[in-house]
Amino acid sequence: MSGGFGIDVGTANTVVCHRTRGVVLDEPSVMVVRTSEARTRRVRPLLVGREARDLMGRCPVGLTAVRPLHDGVIVDLEAARAFMAALLDKAALPAWQRIGARAVIGVPAGATALERRALLEVADEAGMRKAALIPEPIAGAVGCGLDPLEPRAHMVLDIGGGTSEITAFCYGGVLSHRSSRIAGDEMTLTLYRYLRAEHQLLVGELTAEALKCAVDAEEGLSTVVQGIDLATGRPRLKTLESAEVLEALQPTADAIIAALAGVLDDLPPQAADDVLTEGVVVFGGSSLLRGFDKLVESALGFPVRMADRPLTCVAEGAAHCLGDPDVVRAYEDTFIEAG
Ligand SMILES: Nc1ncnc2c1ncn2[C@@H]1O[C@H](COP(=O)(O)OP(=O)(O)OP(=O)(O)O)[C@@H](O)[C@H]1O
(Lines give C-alpha, C1' and ligand atoms only; values in the text may rest on other atoms or scores of the structure.)
Protein backbone atom coordinates (compact mmCIF):
# COMPACT_ATOMS: atom_id res chain seq x y z
CA MET A 1 0.00 0.00 0.00
CA SER A 2 1.59 3.31 -1.06
CA GLY A 3 -0.84 5.87 0.42
CA GLY A 4 -1.19 7.41 3.83
CA PHE A 5 -0.08 10.57 5.56
CA GLY A 6 2.50 11.72 8.09
CA ILE A 7 1.08 14.58 10.14
CA ASP A 8 2.70 17.18 12.39
CA VAL A 9 0.06 19.29 14.12
CA GLY A 10 2.23 21.95 15.73
CA THR A 11 1.58 24.97 17.93
CA ALA A 12 2.75 27.27 15.12
CA ASN A 13 2.39 25.20 11.91
CA THR A 14 0.58 22.10 10.69
CA VAL A 15 2.32 19.97 8.08
CA VAL A 16 0.85 16.99 6.22
CA CYS A 17 3.14 14.79 4.13
CA HIS A 18 1.79 12.15 1.73
CA ARG A 19 3.88 8.99 1.73
CA THR A 20 4.73 9.16 -1.96
CA ARG A 21 3.77 12.72 -3.00
CA GLY A 22 5.66 14.54 -0.24
CA VAL A 23 4.42 17.61 1.64
CA VAL A 24 0.84 18.41 0.55
CA LEU A 25 -0.01 20.94 3.26
CA ASP A 26 2.06 23.39 5.31
CA GLU A 27 0.02 26.13 6.99
CA PRO A 28 0.01 28.12 10.24
CA SER A 29 -2.09 26.48 13.01
CA VAL A 30 -4.49 29.41 13.26
CA MET A 31 -8.11 30.03 12.36
CA VAL A 32 -10.40 33.04 12.57
CA VAL A 33 -13.88 32.45 14.03
CA ARG A 34 -16.81 34.55 15.18
CA THR A 35 -16.15 35.51 18.82
CA SER A 36 -19.68 34.37 19.73
CA GLU A 37 -18.85 30.84 18.46
CA ALA A 38 -15.28 30.65 19.75
CA ARG A 39 -16.02 28.49 22.80
CA THR A 40 -19.03 26.58 21.49
CA ARG A 41 -19.45 23.18 19.91
CA ARG A 42 -20.50 24.78 16.60
CA VAL A 43 -17.34 26.67 15.84
CA ARG A 44 -17.00 27.27 12.07
CA PRO A 45 -13.72 28.78 10.86
CA LEU A 46 -14.11 31.80 8.55
CA LEU A 47 -10.42 31.75 7.66
CA VAL A 48 -7.81 29.08 8.24
CA GLY A 49 -4.02 28.83 7.91
CA ARG A 50 -2.12 31.64 6.16
CA GLU A 51 -5.15 33.91 5.64
CA ALA A 52 -6.07 33.56 9.34
CA ARG A 53 -2.52 34.33 10.40
CA ASP A 54 -2.54 37.54 8.33
CA LEU A 55 -5.45 38.75 10.47
CA MET A 56 -3.66 38.13 13.80
CA GLY A 57 -3.50 41.35 15.80
CA ARG A 58 -5.87 42.97 13.25
CA CYS A 59 -9.13 41.12 13.95
CA PRO A 60 -12.15 43.43 13.74
CA VAL A 61 -14.72 43.42 16.55
CA GLY A 62 -16.73 40.20 16.56
CA LEU A 63 -13.90 38.04 15.17
CA THR A 64 -11.22 36.14 17.09
CA ALA A 65 -8.02 34.43 15.95
CA VAL A 66 -7.77 31.02 17.63
CA ARG A 67 -4.78 28.71 17.94
CA PRO A 68 -6.16 25.23 18.69
CA LEU A 69 -2.85 24.02 20.11
CA HIS A 70 -0.72 25.24 22.97
CA ASP A 71 2.69 23.85 23.80
CA GLY A 72 2.27 21.26 21.07
CA VAL A 73 -0.94 19.71 22.41
CA ILE A 74 -4.64 20.22 21.76
CA VAL A 75 -6.22 22.56 24.31
CA ASP A 76 -9.70 22.79 22.79
CA LEU A 77 -10.99 19.63 21.13
CA GLU A 78 -13.87 21.32 19.26
CA ALA A 79 -11.55 24.02 17.92
CA ALA A 80 -8.98 21.42 16.85
CA ARG A 81 -11.61 19.34 15.04
CA ALA A 82 -12.95 22.37 13.18
CA PHE A 83 -9.42 23.53 12.36
CA MET A 84 -8.29 20.18 10.96
CA ALA A 85 -11.43 19.73 8.85
CA ALA A 86 -11.14 23.26 7.42
CA LEU A 87 -7.44 22.86 6.72
CA LEU A 88 -7.88 19.55 4.89
CA ASP A 89 -10.70 21.11 2.85
CA LYS A 90 -8.42 24.02 2.02
CA ALA A 91 -5.69 21.63 0.88
CA ALA A 92 -8.35 20.08 -1.38
CA LEU A 93 -7.27 16.58 -0.43
CA PRO A 94 -9.91 14.50 -2.20
CA ALA A 95 -12.13 12.47 0.13
CA TRP A 96 -11.07 9.19 -1.55
CA GLN A 97 -7.48 9.88 -0.50
CA ARG A 98 -8.40 10.86 3.01
CA ILE A 99 -11.21 8.57 4.06
CA GLY A 100 -9.87 5.40 5.62
CA ALA A 101 -6.29 6.49 4.92
CA ARG A 102 -3.53 5.44 7.26
CA ALA A 103 -1.77 8.14 9.19
CA VAL A 104 1.19 8.46 11.54
CA ILE A 105 0.90 11.56 13.71
CA GLY A 106 3.74 13.24 15.59
CA VAL A 107 3.02 14.10 19.24
CA PRO A 108 5.29 15.76 21.82
CA ALA A 109 7.13 13.05 23.73
CA GLY A 110 5.70 14.43 26.97
CA ALA A 111 2.02 14.51 25.85
CA THR A 112 -0.40 12.97 28.37
CA ALA A 113 -2.67 10.03 27.49
CA LEU A 114 -5.61 12.46 27.27
CA GLU A 115 -3.74 14.80 24.93
CA ARG A 116 -2.74 11.85 22.74
CA ARG A 117 -6.31 10.60 22.57
CA ALA A 118 -7.49 14.07 21.55
CA LEU A 119 -5.20 13.96 18.51
CA LEU A 120 -6.41 10.50 17.52
CA GLU A 121 -10.02 11.72 17.77
CA VAL A 122 -9.26 14.68 15.52
CA ALA A 123 -7.64 12.37 12.94
CA ASP A 124 -10.64 10.06 13.17
CA GLU A 125 -13.05 12.96 12.55
CA ALA A 126 -10.99 13.90 9.51
CA GLY A 127 -11.67 10.42 8.14
CA MET A 128 -8.31 8.83 8.88
CA ARG A 129 -9.34 5.57 10.43
CA LYS A 130 -6.02 3.90 11.15
CA ALA A 131 -3.96 6.56 12.86
CA ALA A 132 -0.92 5.78 14.99
CA LEU A 133 1.13 8.14 17.13
CA ILE A 134 4.88 8.64 17.23
CA PRO A 135 6.91 10.94 19.52
CA GLU A 136 7.80 14.04 17.46
CA PRO A 137 11.54 13.87 18.22
CA ILE A 138 11.65 10.32 16.81
CA ALA A 139 9.65 11.29 13.70
CA GLY A 140 11.95 14.28 13.17
CA ALA A 141 15.01 12.08 13.60
CA VAL A 142 13.71 9.68 10.92
CA GLY A 143 12.97 12.69 8.68
CA CYS A 144 16.65 13.70 9.11
CA GLY A 145 17.85 10.25 8.04
CA LEU A 146 18.66 8.80 11.50
CA ASP A 147 17.77 5.21 12.37
CA PRO A 148 16.17 5.14 15.84
CA LEU A 149 16.34 1.34 15.95
CA GLU A 150 20.11 0.98 15.61
CA PRO A 151 22.16 0.16 18.73
CA ARG A 152 23.81 3.56 18.74
CA ALA A 153 22.69 6.63 20.68
CA HIS A 154 21.48 9.80 18.96
CA MET A 155 20.33 13.11 20.40
CA VAL A 156 17.91 15.53 18.75
CA LEU A 157 16.71 19.02 19.65
CA ASP A 158 13.32 20.08 18.27
CA ILE A 159 12.69 23.82 18.82
CA GLY A 160 9.23 24.69 17.59
CA GLY A 161 6.85 27.49 18.44
CA GLY A 162 5.50 26.34 21.82
CA THR A 163 8.02 23.79 23.04
CA SER A 164 11.65 22.74 22.84
CA GLU A 165 12.17 19.00 23.19
CA ILE A 166 15.52 17.34 23.69
CA THR A 167 15.59 13.57 23.34
CA ALA A 168 18.37 11.00 23.40
CA PHE A 169 17.38 7.56 22.12
CA CYS A 170 18.86 4.23 21.10
CA TYR A 171 17.65 0.83 19.85
CA GLY A 172 13.92 1.59 20.04
CA GLY A 173 13.96 3.27 23.44
CA VAL A 174 14.39 6.70 25.00
CA LEU A 175 17.54 7.27 27.08
CA SER A 176 16.70 10.75 28.32
CA HIS A 177 14.20 13.48 27.51
CA ARG A 178 13.56 17.07 28.56
CA SER A 179 10.89 19.44 27.40
CA SER A 180 10.75 23.19 27.93
CA ARG A 181 8.16 25.83 27.10
CA ILE A 182 10.96 28.12 26.05
CA ALA A 183 10.84 28.06 22.25
CA GLY A 184 9.90 30.34 19.34
CA ASP A 185 6.78 31.93 20.88
CA GLU A 186 8.75 32.77 24.02
CA MET A 187 11.49 34.35 21.88
CA THR A 188 8.88 36.50 20.12
CA LEU A 189 7.38 37.53 23.46
CA THR A 190 10.85 38.34 24.81
CA LEU A 191 11.43 40.74 21.89
CA TYR A 192 7.99 42.31 22.36
CA ARG A 193 8.77 42.93 26.05
CA TYR A 194 12.28 44.15 25.25
CA LEU A 195 11.05 46.78 22.76
CA ARG A 196 8.46 47.94 25.27
CA ALA A 197 10.84 48.16 28.23
CA GLU A 198 14.03 49.38 26.52
CA HIS A 199 12.69 51.48 23.64
CA GLN A 200 9.17 52.38 24.84
CA LEU A 201 7.84 50.93 21.59
CA LEU A 202 4.66 48.89 21.35
CA VAL A 203 4.61 46.43 18.42
CA GLY A 204 2.26 43.68 17.22
CA GLU A 205 3.05 39.96 17.56
CA LEU A 206 3.70 39.61 13.81
CA THR A 207 6.17 42.53 13.88
CA ALA A 208 8.08 41.05 16.85
CA GLU A 209 8.21 37.69 15.06
CA ALA A 210 9.39 39.26 11.79
CA LEU A 211 12.19 41.03 13.70
CA LYS A 212 13.28 37.70 15.22
CA CYS A 213 13.35 36.03 11.79
CA ALA A 214 15.14 38.96 10.10
CA VAL A 215 18.07 39.01 12.48
CA ASP A 216 21.36 38.22 10.75
CA ALA A 217 24.13 37.30 13.14
CA GLU A 218 26.98 37.07 10.67
CA GLU A 219 26.57 40.22 8.60
CA GLY A 220 25.68 42.63 11.41
CA LEU A 221 22.50 43.64 9.61
CA SER A 222 20.17 46.17 11.15
CA THR A 223 16.39 46.07 10.94
CA VAL A 224 13.87 48.89 11.05
CA VAL A 225 10.87 48.24 13.29
CA GLN A 226 7.68 50.26 13.29
CA GLY A 227 5.56 50.54 16.41
CA ILE A 228 3.60 52.91 18.62
CA ASP A 229 5.59 55.24 20.88
CA LEU A 230 4.33 54.58 24.42
CA ALA A 231 4.92 58.19 25.49
CA THR A 232 3.23 60.01 22.59
CA GLY A 233 0.87 57.34 21.25
CA ARG A 234 2.19 58.09 17.73
CA PRO A 235 3.86 55.71 15.26
CA ARG A 236 7.66 55.64 15.48
CA LEU A 237 10.47 53.84 13.62
CA LYS A 238 13.40 52.28 15.44
CA THR A 239 16.52 50.78 13.89
CA LEU A 240 17.90 47.77 15.75
CA GLU A 241 21.28 46.15 15.20
CA SER A 242 21.28 42.35 14.97
CA ALA A 243 23.72 42.17 17.90
CA GLU A 244 21.20 43.95 20.14
CA VAL A 245 18.36 41.60 19.11
CA LEU A 246 20.53 38.54 19.70
CA GLU A 247 21.57 39.87 23.10
CA ALA A 248 17.91 40.29 24.06
CA LEU A 249 17.29 36.67 22.99
CA GLN A 250 20.37 35.31 24.81
CA PRO A 251 18.50 34.26 28.01
CA THR A 252 16.04 32.13 26.00
CA ALA A 253 18.89 30.50 24.07
CA ASP A 254 20.73 29.90 27.38
CA ALA A 255 17.68 28.11 28.83
CA ILE A 256 17.57 25.75 25.83
CA ILE A 257 21.33 25.12 26.07
CA ALA A 258 20.97 24.32 29.81
CA ALA A 259 18.27 21.73 28.99
CA LEU A 260 20.56 20.20 26.34
CA ALA A 261 23.38 19.96 28.86
CA GLY A 262 20.96 18.29 31.30
CA VAL A 263 20.09 15.53 28.82
CA LEU A 264 23.76 14.96 28.07
CA ASP A 265 24.49 14.66 31.82
CA ASP A 266 21.81 11.95 32.13
CA LEU A 267 23.47 9.69 29.55
CA PRO A 268 25.64 6.70 30.38
CA PRO A 269 29.25 7.24 29.17
CA GLN A 270 29.02 5.04 26.06
CA ALA A 271 25.84 6.77 24.86
CA ALA A 272 27.34 10.20 25.62
CA ASP A 273 30.34 9.17 23.53
CA ASP A 274 28.07 8.42 20.53
CA VAL A 275 26.35 11.79 20.91
CA LEU A 276 29.59 13.74 21.25
CA THR A 277 30.91 12.06 18.10
CA GLU A 278 27.79 12.58 15.97
CA GLY A 279 26.68 15.86 17.53
CA VAL A 280 23.12 16.93 18.23
CA VAL A 281 20.70 17.01 15.29
CA VAL A 282 18.57 20.18 15.43
CA PHE A 283 15.22 20.85 13.73
CA GLY A 284 12.00 22.85 14.24
CA GLY A 285 11.40 26.37 12.93
CA SER A 286 13.21 28.15 15.75
CA SER A 287 16.45 26.37 14.87
CA LEU A 288 16.50 28.82 11.92
CA LEU A 289 17.37 31.65 14.31
CA ARG A 290 20.60 32.98 12.83
CA GLY A 291 23.70 31.87 14.70
CA PHE A 292 21.84 29.43 16.97
CA ASP A 293 24.02 26.49 15.89
CA LYS A 294 27.23 28.44 16.64
CA LEU A 295 25.83 29.46 20.03
CA VAL A 296 25.19 25.82 20.98
CA GLU A 297 28.53 24.67 19.62
CA SER A 298 30.48 27.25 21.57
CA ALA A 299 28.49 26.66 24.79
CA LEU A 300 28.66 22.86 24.78
CA GLY A 301 31.75 22.19 22.68
CA PHE A 302 30.26 19.52 20.43
CA PRO A 303 28.99 19.59 16.86
CA VAL A 304 25.51 20.69 15.87
CA ARG A 305 23.92 19.26 12.72
CA MET A 306 21.14 21.41 11.30
CA ALA A 307 18.31 19.56 9.53
CA ASP A 308 17.99 20.18 5.78
CA ARG A 309 14.22 20.75 6.12
CA PRO A 310 13.72 21.83 9.76
CA LEU A 311 10.06 22.80 9.33
CA THR A 312 8.82 19.64 7.59
CA CYS A 313 11.09 16.80 8.77
CA VAL A 314 8.67 15.65 11.53
CA ALA A 315 5.80 15.14 9.05
CA GLU A 316 8.21 13.60 6.50
CA GLY A 317 9.62 11.22 9.12
CA ALA A 318 6.10 10.27 10.24
CA ALA A 319 5.15 9.54 6.60
CA HIS A 320 8.29 7.43 6.22
CA CYS A 321 7.22 5.39 9.27
CA LEU A 322 4.08 4.27 7.38
CA GLY A 323 6.41 1.93 5.53
CA ASP A 324 8.48 1.13 8.62
CA PRO A 325 5.96 0.14 11.31
CA ASP A 326 8.72 -1.30 13.53
CA VAL A 327 9.73 2.27 14.50
CA VAL A 328 6.15 3.17 15.49
CA ARG A 329 5.78 -0.08 17.45
CA ALA A 330 9.12 0.35 19.22
CA TYR A 331 8.38 3.88 20.38
CA GLU A 332 4.62 3.67 21.05
CA ASP A 333 5.14 3.07 24.77
CA THR A 334 7.91 5.59 25.25
CA PHE A 335 5.78 8.68 25.91
CA ILE A 336 7.00 10.37 29.06
CA GLU A 337 4.15 11.82 31.06
CA ALA A 338 5.08 14.86 33.11
CA GLY A 339 4.69 14.04 36.80
N1 LIG B 1 14.14 32.30 10.33
C2 LIG B 1 13.64 32.09 11.56
N3 LIG B 1 14.32 32.56 12.63
C4 LIG B 1 13.85 32.35 13.88
N5 LIG B 1 12.70 31.69 14.16
C6 LIG B 1 11.98 31.23 13.12
C7 LIG B 1 12.41 31.39 11.77
N8 LIG B 1 11.47 30.82 10.95
C9 LIG B 1 10.51 30.31 11.76
N10 LIG B 1 10.79 30.56 13.05
C11 LIG B 1 10.00 30.22 14.25
O12 LIG B 1 9.73 28.84 14.25
C13 LIG B 1 8.55 28.61 15.05
C14 LIG B 1 7.67 27.58 14.36
O15 LIG B 1 8.39 26.39 14.23
P16 LIG B 1 7.64 25.01 13.96
O17 LIG B 1 6.76 25.11 12.78
O18 LIG B 1 8.69 23.95 13.95
O19 LIG B 1 6.76 24.92 15.29
P20 LIG B 1 5.60 23.91 15.63
O21 LIG B 1 6.04 22.52 15.26
O22 LIG B 1 4.33 24.36 15.06
O23 LIG B 1 5.58 24.10 17.23
P24 LIG B 1 5.63 23.00 18.40
O25 LIG B 1 6.68 21.98 18.00
O26 LIG B 1 6.02 23.77 19.60
O27 LIG B 1 4.25 22.46 18.47
C28 LIG B 1 7.85 29.95 15.20
O29 LIG B 1 8.02 30.41 16.54
C30 LIG B 1 8.61 30.85 14.22
O31 LIG B 1 8.65 32.20 14.63
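User: What radius of gyration would a compact globule with 339 residues have, and what does the chain have?
Analyst: A compact globule of 339 residues would be near 20 Å, and the chain has 20 Å, which agrees. The radius is taken over C-alpha atoms, and the globule rule is 2.2 Å times the number of residues to the power 0.38. This is a predicted model, where local features need pLDDT of at least 70, side-chain atom pairs count only at pLDDT 80 or more, and totals for chains, interfaces and linings use all residues. Residues are numbered from 1 along each chain as its sequence is written.

User: What box do the C-alpha atoms fill?
Analyst: Roughly 60 × 50 × 35 Å, taken along the principal axes.

User: How many helices and strands are there?
Analyst: Twelve helices and 18 strands. Both are DSSP runs numbered from the N terminus: helices are H or I with at least four residues, strands are E with at least two.

User: And what share of the chain is buried?
Analyst: Buried residues come to 46% of the 339. Buried is 20 or more other C-beta atoms within 10 Å of the residue's own, exposed is 12 or fewer, and partly exposed is in between, with C-beta atoms placed from the backbone.

User: Which domains is the chain divided into?
Analyst: Domain 1 is 5-140 + 314-331, domain 2 is 147-182 + 250-307, and domain 3 is 184-247. Those bounds come from an automatic or database domain assignment.

User: How many residues do domain 1 and domain 2 put into their contact?
Analyst: Domain 1 gives 18 residues and domain 2 gives 17. Two residues are in contact if their C-beta atoms, placed from the backbone, lie within 7 Å. On the side of domain 1 that touches domain 2, α5 (136-143) and α12 (325-331) each supply at least two residues. That side divides into eight nonpolar, seven polar and three charged residues. Here Ala, Val, Leu, Ile, Met, Phe, Trp, Tyr, Cys and Pro count as nonpolar, Asp, Glu, Lys and Arg as charged, and the others, Gly among them, as polar. The centres of the two domains, taken over C-alpha atoms, are 25 Å apart.

User: Switching to the ligand. Which residues come nearest?
Analyst: Of the 21 residues around the ligand, the nearest are Gly10, Ala12, Gly160, Gly184 and Gly285. A residue is near a molecule if its C-beta atom, placed from the backbone, lies within 6 Å of it. The elements giving two or more residues to that shell are α6 and α7.

User: Which element gives the most, and what's the shell like by class?
Analyst: α7 gives the most, with three residues. By class the shell has six nonpolar, twelve polar and three charged residues.

User: Which residues of α7 are buried?
Analyst: Ala208, Glu209, Leu211 and Lys212, in a helix that runs 205-214. Down the axis of α7 these fall within an arc of 155 degrees, so they line one face of the helix. The arc is that of the directions from the helix axis to the C-beta atoms.

User: What covers them?
Analyst: The cover includes α6 (184-199), β15 (222-229), β16 (235-241) and α8 (242-266).

User: How about α11, how many of its residues are buried?
Analyst: Seven of the eight residues in α11 (313-320) are buried, so that helix is largely enclosed by the rest of the structure. Among them are Cys313, Val314 and Glu316.
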